[in-house]
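This report describes the secondary-structure packing, strand pairing and selected local backbone features of a predicted model. The sequence and structure are shown first.

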Amino acid sequence: MLTEVAEAVRLQEGPPGVRSVLRALRRLAPASTKDLSRATGLPVPIVAALGNELRRRGFVTTQRPSRLTEAGLDLVAQLGMDLTLDATCTTCDGRELVIPDVLDEAVRRLRALMESGPAADMAIDQSHCTAETKVRRVLALLTAGALPGGSLLLIGDDDLVSLAVAVVGDVLGGPIVEQVTVVDISPEILDYIQKVSAGLGTRIETVQHDLRLPLPAELHEQHDVAMTDPPYTAEGARLFLSRAVEGLRPGPSHSIFFSFGGKSPDEMLEVQREIMGLGLVTNGFVRNFNEYEGSGILGGVGFFQHLLTTTSTAPSHAGEFSGPLYTGDKRTRQREYTCVACDARLRVGPGARWTAVAALREEGCPNCGKGPFRPGRLVPAEDPTTPAEQPPAPVQTQVQPPVQAPVQQAAPAPATAPAASVGRTYGWRPPAEQDRAALAERARPYVTRQADERDLPAIGRFEAEIARVSFGEDAIDDPARWESRLGRAMEKSKEGMIVADGPGEEPVGWCWVSINQNAMTGDRYANFRSLAVSPVDNRGDVAELLLTAGLEFCLARGITEVVGRVHVGNVPMRTVYRKFGFDPTSLSMKLFLPEGWPESEPKGDGAR
């Protein structure tokens, strides 16, 4: 059974990976997909697929958060895993460090700096770590003896660790480092660091530089300790670590603190080989040390590795680097796709029969003539030849419902009248014909149209996923209920309901815009209620296509103000908003009060 489940979802970790999910379910139940991802180190989509396969076989409940059924508990007992003992430290949650009370102020200040700072650029694998993680990284430097004193080199700093070092020093009463040097390609990030750090008392030097090139000569062998959170590819890890080695003083026992996301065993072997090739050794390793905004494909967590230089340490990239670096770069390699209808495996990319998945969709599966196609592994660079198309394997498969892309909820009406247009910056204009044609080409084969009743099953699944992202375990995530609710809304009006789909396919994207009126001022404004896209290859382009259609819907009705609400942790949606020129104008605050009060609380004699 373990083998069949692993094969059904093409799990690289095989039966041991299925065991790890069952073990985590037994220990953590009830458990969300994100909780299971963090506990097992498996990506969220993989855990979701495993959960669905186990659910289909009757081992996991249909209700969420998930639990094992009686059959599942029996299975776990048969496997000898019927034990819920957990020795993880409940104080630090296994991270080995606890933020002392004196640094609570630093966490609060860093949260505010993150809110007004540059948005993450996911095209170059950026994903901002939380304010708590920033402070923990500074504490790790202090605990290891790398600070106070000395000089710190940051190879890339979209996480604003330089500001965390400065803020912690400011809270503690003085600088904790002689100098911080930040090397990054983004002028926006470097300008923000310079602007904020000016009054914090820590000396921070910023250097705009493309790390594909060697470090500037003046930075070679000048620093005592380095830190990097590179692109999540083996090539990215090797290059950024190599640049860190370039900047460290010669000799053994200099520290490099390395953050990275969990990968499959084979992929992690490749990363660890890169570390060994640089002549570095591991001095410490903490899983789930880093937390990132939003859930993310890796459960919003990554590991933190303390590396030390040796007498053999030397840069591995002395010159210019020209290969694939970011996750997006590696899409230039062939990728294996699986036909959902017949399970045939097909290669797409340079040198293959189909150079793009759009061409494969248009032609259809050569084995059964159908589709759609589920993306699989990247073909290794050393194996570029295209074999004969593989026939379907004799395993059970299940078509998964769409997973949310950037998602959001309805926003409240603006509390005040819009400001006068004098001095207002207009952040978006309809694309020129050339730009519109380019976007349509990137989004192929998908186009937008007004939604109707035939789309309700897909829309119900989108709304259920939006609810899960927005409300977590409190979500109403029954697609049938959402389908019914949206059906009633459609009966009133379909205006502003937009889907993206391909020829003869279910919608892969959903956008809902409503026109509202401010009850106090009478002004009309548009409200982006929903936006979601399935995990198709050109997902970002489809999201842009939908958002463009939604904004043009507003313009056609004379609307000049558009509002929306997004969870602070929903980084993808915030990034989309920023790309289209939206500016943050308000912040919602939430507080939970104890249940059962005052009965549950003791009262003094003077209580009334």
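## Parallel pairing of S4 and S5

Strand S4 (residues 225–228) and strand S5 (residues 255–260) run parallel and are joined by four bridges. Within this pairing, Ala-226 has Ile-256 of S5 as its bridge partner.

## The seven-stranded sheet

S4 and S5 belong to an open sheet of seven strands, arranged in the order S3-S2-S1-S4-S5-S7-S6, with mixed pairing. The edge positions are held by strand S3 (204–208) and strand S6 (280–291); each has a single partner strand, so one side of each is left without a neighbour in the sheet. From one strand to the next, the twist averages 15°.

Helix H9 (residues 187–197) packs on this sheet, where it touches strand S2 (179–184) and S3. The direction of H9 makes about 165° with that of S3.

Seven aromatic pairs are found in a search of the whole structure. One of them is formed by Phe-258 and Phe-303, whose ring centres are 6.0 Å apart. The planes of these two rings stand at 75°, over the 60 degrees that the edge-to-face class requires, and the pair is therefore edge-to-face. Phe-258 lies in strand S5 and Phe-303 in strand S7 (residues 301–309), so the pair ties together parts that are 45 residues apart in sequence.

## Packing of H3 on H4

Helix H3 (residues 33–40) and helix H4 (residues 44–56) have axes that come within 9 Å and cross at roughly 115°. The two helices are therefore roughly perpendicular to each other. The crossing of H3 past H4 is right-handed.

On the H3 side, the contact is made by Thr-33, Leu-36, Ser-37 and Thr-40; on the H4 side, it is made by Val-44, Val-47 and Ala-48. By class, the residues of this contact divide into four nonpolar, three polar and no charged.

## Packing of H13 on H16

Helix H13 (residues 433–443) packs with helix H16 (residues 539–556) at an angle of about 135°, and the axes are 8 Å apart. This angle makes H13 oblique to H16. H13 passes H16 in a left-handed crossing.

The residues that H13 brings to the contact are Arg-436, Leu-439, Arg-442 and Ala-443. H16 contributes Asp-541, Val-542, Glu-544, Leu-545, Thr-548 and Glu-552. The contact of H13 with H16 has four nonpolar, one polar and five charged residues.

## Antiparallel pairings

Strand S8 (residues 335–339) and strand S9 (residues 345–348) run antiparallel and are joined by four bridges. Thr-338 has Arg-345 as its bridge partner in S9. The two strands form a hairpin with five residues between them. In the turn of this hairpin, Asp-343 has a positive phi of about 75°.

## Local backbone features in loops

Two cis peptide bonds are described here. One joins Ala-29 and Pro-30, with omega at about -5°; Pro-30 is found in the loop between helix H2 (14–28) and H3. The other runs from Leu-147 to Pro-148, with omega near 0°. Pro-148 is found in the loop between helix H7 (131–143) and strand S1 (151–155).

Glu-96 has a positive phi of about 75°, although this residue is not a glycine. Glu-96 lies in the loop between helix H5 (70–78) and helix H6 (104–116).

Methods
Residues numbered from 1 in each chain as written. Predicted model: local features only at pLDDT ≥ 70, side-chain atom pairs only at ≥ 80, totals over all residues. Heavy atoms only, no water. Axes fitted to C-alpha atoms, helices over the stretch in contact; angles between N-to-C directions. Parallel < 35°, antiparallel > 145°, perpendicular 65-115°, else oblique. Left-handed = near helix turned anticlockwise from the far one by under 90°. Contact = heavy atoms within 4.5 Å. Nonpolar A, V, L, I, M, F, W, Y, C, P; charged D, E, K, R; others polar. Pairing = 2+ DSSP bridges. Phe/Tyr/Trp six-rings, centres within 6.5 Å; stacked < 30°, edge-to-face > 60°.
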